[in-house]
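Okay, thanks for making time, everyone. I'd like to talk through some chain-to-chain contacts today, so let me put the structure up.

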There are 6 protein chains.
Amino acid sequence: MPLSARNRIEGVVKAVENGEVASTVKIEVAKPVTITAMITKEAVEELGLKEGDKVEAVIKATEVLVSKD
Amino acid sequence: MPLSARNRIEGVVKAVENGEVASTVKIEVAKPVTITAMITKEAVEELGLKEGDKVEAVIKATEVLVSKD
Amino acid sequence: MPLSARNRIEGVVKAVENGEVASTVKIEVAKPVTITAMITKEAVEELGLKEGDKVEAVIKATEVLVSKD
Amino acid sequence: MPLSARNRIEGVVKAVENGEVASTVKIEVAKPVTITAMITKEAVEELGLKEGDKVEAVIKATEVLVSKD
Amino acid sequence: MPLSARNRIEGVVKAVENGEVASTVKIEVAKPVTITAMITKEAVEELGLKEGDKVEAVIKATEVLVSKD
Amino acid sequence: MPLSARNRIEGVVKAVENGEVASTVKIEVAKPVTITAMITKEAVEELGLKEGDKVEAVIKATEVLVSKD
């Protein structure tokens, strides 16, 4: 499905932590780079997200900051 | 400077494209993964962003979506 | 493609306006409700977005505000 | 109150689920379209949000992605 | 109009810069603190934003990062 | 560390409230202006955020809405 989001990074779910309505999902996209997503627990359940799943982290370009030393 | 943002990914600026108030910055974070950021042109100028700069893409966890096939 | 975003609303592109790096896309999701998206011009070009296209507006739950009179 | 946000969609609250600091609010904006918002529990309490409330889902154009089959 | 956004900061417009579809608005919220917003040019025109206007900068809590030295 | 985010506002932490995965942090940036951030609990713990800490609220320009009466 073509998506306008400029950033789609493949990875593997390393951890899912559920709160009551929010969850965090840690996605290893390259060693040693892990991307953390905070999404609804409902999304975690609907996608059945669990350790080992192959997923993509999807990020809109407007959400990315740039830092430079 | 410690930052609450969960995602800070090192990379090298591959391209900067300036509009009148907005700009896009392409950051190669691993071969062949490039992250695109849309930021203000003012920020591009203030940081002096140009091809070859070592930077970090910084992304808050709440901004990351997860897609699963 | 299952996506964690809670909000995916079908509609038809009514207008695309391109700046130099940013574009706005107006999507009629129901009469008379139109959703406006600001995305990169690169995404408009890559998806070939034009009037009449059937698309979805995709919105992460964390990005929605609620207003009540 | 005029607001720069391009997207203000009227609807009725169908469900509110509270976590400890975050809450999700489901807003039926048209049958069968429901928009889910994740907001602070503090906002839910301050607005007194509950099932049946007439509200608006407010979304900034920069937060909308576009998907096209 | 009650709004779920936790952050509404009063200020005065100090500058508006228009691109083709995006604009930046600088809002002085306290001396010497200025908040910059990037919004659609359409919103600038619809609100008639210009230097000297009394406005509020509205920011959802999920969009705020925290940095600590 | 130079950062593309246009808005960095100094303040003092007045309250931290932790959920299971999300937390809210209240930052007094000027009397009587308080900015609320919702971040991951992991970030709160990693930064050791607590009442009295001097911090900055960091906000990307694309995340700011403008309201005008």
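Let's start with one pair: Lys68(B) and Asp53(A) form a salt bridge, with the closest N and O atoms 3.1 Å apart. By salt bridge I mean a side-chain nitrogen of Lys or Arg within 4 Å of a carboxyl oxygen of Asp or Glu. Across the interface of chain A and chain B, the rule finds 2 salt bridges.

Quick housekeeping: this is a predicted model, where local features need pLDDT of at least 70 and side-chain atom pairs count only at pLDDT 80 or more, while totals for chains, interfaces and linings use all residues. Residues are numbered from 1 along each chain as its sequence is written, chains are lettered from A and ligands numbered from 1 in the order in which they are written, and side-chain values use heavy atoms, with hydrogens and water left out.

Back to A and B. Here 31 residues of chain A are in contact with 31 residues of chain B, contact being heavy atoms within 4.5 Å. The two chains bury about 2700 Å² between them, 62% of it on carbon and sulfur atoms; that's the accessible area (1.4 Å probe) that two parts lose on being put together, summed over both.

Now the strands, which are DSSP runs of E, at least two residues, numbered from the N terminus. What do E4(A) and strand E5 (residues 65–67) of chain B do? They pair in the antiparallel sense over 3 bridges, and pairing takes at least two DSSP bridges between the strands. Within E5(B), Val66(B) is the bridge partner of Ala57(A).

On to chain D, where 18 residues are in contact with 15 residues of chain A. Chain D and chain A bury about 1200 Å² between them, 60% of it on carbon and sulfur atoms. The salt bridge count for this pair of chains is 1: the side chains of Glu42(A) and Lys26(D) meet at 2.9 Å, N to O. On the chain D side, strand E1 (7–18), strand E2 (22–30) and strand E5 (65–67) each give two or more residues to the face that touches chain A. E2(D) gives the most, with 4 residues.

Last thing, the annotation. UniProt, in an unreviewed entry, puts "domain: Mop" on residues 2–68 of chain A; the positions are in the numbering used here, feature names are shortened, and annotations may be inferred rather than shown by experiment.
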